[in-house]
Amino acid sequence: MAEDRQRIDKWLFFARIVKSRSLAAKLAQAGRVRKNGDKIDQPSTMVLPDDVLTITLERKVLVLKVLRPGSRRGPYEEARLLYEDMSPPPAARERGIAVLAPYRETGSGRPTKRERRQLDKWKSVDE
């Protein structure tokens with residue numbers, strides 16, 4: 001049983017969620033990690049297989065199910081075996097779906113640079 005559990009800061013580092021173990025400890029102390037819905041405030045909190053971690057990062061929220069403890073910080077393919085990603089799908093902008101640009105009716109509001117040049121050209125022809 002003791003081999004199945006691991007400190008949350010070590011696990012986050014081995015799973016390549018953060019770049020260093022000290023950043024993982026700061027993440028846990030800041031309360032940005034939840035274990036099975038409960039807020040974690042200590043990097044020494046132990047995680048077990050089948051625990052669900054909710055991690056709030058800068059621009060995204062990760063929901064990860066712990067599959068096994070890590071033994072080292074290896075390549076991504078090795079780290080990916082430590083968890084199952086259950087995160088919600090990204091928003092439309094992150095998925096790369098084109099968001100329509102704002103549309104303005106011609107002649108309404110302030111003229112664009114192109115319209116201003118056309119207007120200046122039209123005015124100079126009359127003179």
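# Sheet, core and aromatic pairs in a predicted model

Reader: How many bridges join β5 to β6, and in which direction do the two strands run?

Author: In this predicted model, β5 and β6 run antiparallel. The two strands form a hairpin with four residues between them. Within the pairing, T54 has V63 as its bridge partner in β6. The number of bridges that join β5 to β6 is five.

Reader: In what order do the strands of the open sheet lie?

Author: The pairing in the sheet is antiparallel. Three bridges join β2 to β5, and V33 has I55 as its bridge partner in β5. The order of the five strands is β3-β2-β5-β6-β7.

Reader: Which residue of β7 is the bridge partner of K65?

Author: Strand β6 covers residues 61-66 and is joined to β7 by three bridges. These two strands run antiparallel. The partner of K65 in β7 is E84.

Reader: Which residues make up the covered face of β5?

Author: In a regular strand, side chains alternate between the two faces of the sheet. In β5, the uncovered face holds V52, T54 and T56. The covered face is made up of L53 and I55.

Reader: Which element gives the most residues to the largest nonpolar core?

Author: This core has 22 residues, and those with the most contacts inside it are I8, W11, L12, I17 and I55. Two or more residues come from each of α1 (8-14), α2 (21-29), β5 (52-56) and β6. The element that gives the most, with five residues, is α1.

Reader: Why do the buried residues of α2 lie on the same side of the helix, and over what arc?

Author: The buried residues of α2 are A24, A25, L27 and A28. They lie on the same side of α2 because the arc they cover around the axis is only 160 degrees.

Reader: Which exposed residues does α2 carry on the face turned away from its buried side?

Author: The buried side of α2 is covered by elements that include α1, β2 (33-35) and β5. After α2 comes G31, whose phi is positive, near 80 degrees. The exposed residues on the face turned away from the buried side are K26 and Q29.

Reader: What is the geometry of the aromatic pair formed by W11 and Y83?

Author: W11 belongs to helix α1 and Y83 to strand β7, so that the pair links parts of the chain 72 residues apart. Buried means under 20% relative accessible area; W11, at 0%, is therefore buried, and Y83, at 8%, is buried as well. The ring centres are 6.2 Å apart, and the planes stand at 70 degrees. Planes over 60 degrees apart count as edge-to-face, and the geometry of this pair is edge-to-face.

Reader: How many aromatic pairs does the model contain, and which class describes F13 and F14?

Author: The count of aromatic pairs comes to two. F13 and F14 are both buried. Their ring centres are 5.9 Å apart, with 40 degrees between the planes. Planes under 30 degrees apart count as stacked and those over 60 as edge-to-face, and the class of F13 and F14 is tilted.

Note on methods
Residues numbered from 1 in each chain as written. Heavy atoms only, no water. Pairing = 2+ DSSP bridges. Core = buried A, V, L, I, M, F, W, Y, C linked by side-chain atoms within 4.5 Å. Buried < 20%, exposed > 50% of the residue type's maximum accessible area, 1.4 Å probe, protein only. Arc of directions from axis to C-beta. Contact = heavy atoms within 4.5 Å. Phe/Tyr/Trp six-rings, centres within 6.5 Å; stacked < 30°, edge-to-face > 60°.
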